[in-house]
Amino acid sequence: MTIDIISVVPDLLSSPFAHSILKRAAEKGLLQVNIINLRDYTTYARAQVDDYQFGGGAGMVLMIEPLVNAVESLKKEKIYDEIIFLTPDGETFNQKQANSLSLKTNLLLICGHYKGIDQRFRDHFVTKEISIGDYVLSGGELAAAVLTDAIGRLIPGVLNNETSALTDSFQDNLLAPPVYTRPEVFRDWPIPDVLKSGNHKLIEQWRYEQAVQRTTLLRPDILDSK
Ligand code: 6GU
């Protein structure tokens with residue numbers, strides 16, 4: 001899978017994919033992330049990519065020409081399954097979308113900045129608009145990093161143990177159950193006895209009950225979603 005990301009602040013995206021699971025995904029050839037600098041595609045002087053908005057109002061807007069130049073140039077190399085604009089007014093991102101996007105071959109993410117991007121680009125090129133939550137970020141880069149991480153770890157073969165994504169929080173509309181590691185007793189806090197029982201059926205049952213309990217208490221809204 002490839003995820004191409006168009007940004008005016010490419011430096012913001014240099015490190016998030018160079019570590020841990022996503023680094024391994026890249027090394028295994030399962031995920032390739034390309035960062036594209038929008039300024040490389042402008043024909044305006046001094047690498048200008050934004051301008052004042054028509055009708056007046058505070059804040060600059062990303063111009064359509066550099067965006068279209070970039071997208072049309074990238075489209076010569078591959079066919080995109082989705083061209084996604086990251087924006088607070090998009091559909092709120094969730095695990096279901098992450099699952100579905102992890103099955104695609106080529107994604108193009110567009111990071112907005114300033115006041116936004118020219119609406120005509122959204123109308124004619126963008127196929128999906130995604131937000132990562134009800135708050136405003138300075139630009140789409142951190143959101144693009146969030147999407148890439150959430151999607152990348154779900155690509156088949158990326159995780160060592162395939163079942164570990166299946167037991168993540170949200171995967172079955174449940175939060176994950178609690179987990180413990182050594183030591184068995186720390187201060188006067190022992191781990192639950194059942195985890196030492198060696199009875200896998202009992203342990204699975206306990207984990208499921210814990211997950212249901214946690215979800216009912218903390219996130220009743222996700223119990224029946226999807
Ligand atoms: Cl995708 N972009 C920006 N700028 N702010 C956000 C967001 C995206 N999602 C939540 N807030």
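View 1. A polar backbone atom of Y135 lies 2.5 Å from a nitrogen atom of the ligand. A backbone N or O atom of I132 is 2.9 Å from a ligand nitrogen atom, and a polar side-chain atom of S131 is 3.3 Å from a nitrogen atom of the ligand. Of the 290 Å² that the ligand exposes when taken alone, the protein buries 96%; accessible areas come from the Shrake-Rupley method with a 1.4 Å probe, and for residues only the protein chains shown count as cover. The model is predicted: local features need pLDDT of at least 70, side-chain atom pairs count only at pLDDT 80 or more, and totals for chains, interfaces and linings use all residues. Residues are numbered from 1 along each chain as its sequence is written, and side-chain values use heavy atoms, with hydrogens and water left out.

**View 2. The shell around the ligand.** The residues surrounding the ligand are L86, T87, P88, I130, S131, I132, G133, Y135, L137, G139 and A143. This shell comprises 7 nonpolar, 4 polar and no charged residues. Strand 5 (82-92) and strand 7 (128-131) are the elements that give two or more residues to the shell, and strand 5 gives the most, with 3 residues. Strands (E, at least two residues) and helices (H or I, at least four) are DSSP runs, numbered from the N terminus.

**View 3. The loop between strand 7 and helix 5 (141-152), with L137.** L137 counts as partly exposed because its relative accessibility is 33%; buried means under 20% relative accessible area, exposed over 50%, and partly exposed in between (1.4 Å probe, protein chains only).

**View 4. The loop between helix 6 (163-166) and strand 8 (185-186), with D168.** D168 counts as buried because its relative accessibility is 17%. The side chains of D168 and R153 are joined by a polar contact of 2.6 Å; such a contact is a pair of N or O atoms within 3.5 Å, and within protein one must be able to donate a hydrogen and the other to accept it, while residues adjacent in sequence count only if both atoms are side-chain atoms.

**View 5. Backbone geometry at F170, P183 and R187.** Most residues other than glycine have a negative phi, and most peptide bonds are trans. F170, in the loop between helix 6 and strand 8, has a positive phi near 80 degrees. P183 belongs to the loop between helix 6 and strand 8 and is joined to R182 by a cis peptide bond, with omega about 0 degrees. R187, in the loop between strand 8 and strand 9 (189-190), has a positive phi of about 50 degrees and counts as exposed at 63% relative accessibility.

Conventions:
A residue is near a molecule or strand if one of its heavy atoms lies within 4 Å of it. Ala, Val, Leu, Ile, Met, Phe, Trp, Tyr, Cys and Pro count as nonpolar, Asp, Glu, Lys and Arg as charged, and the others, Gly among them, as polar.
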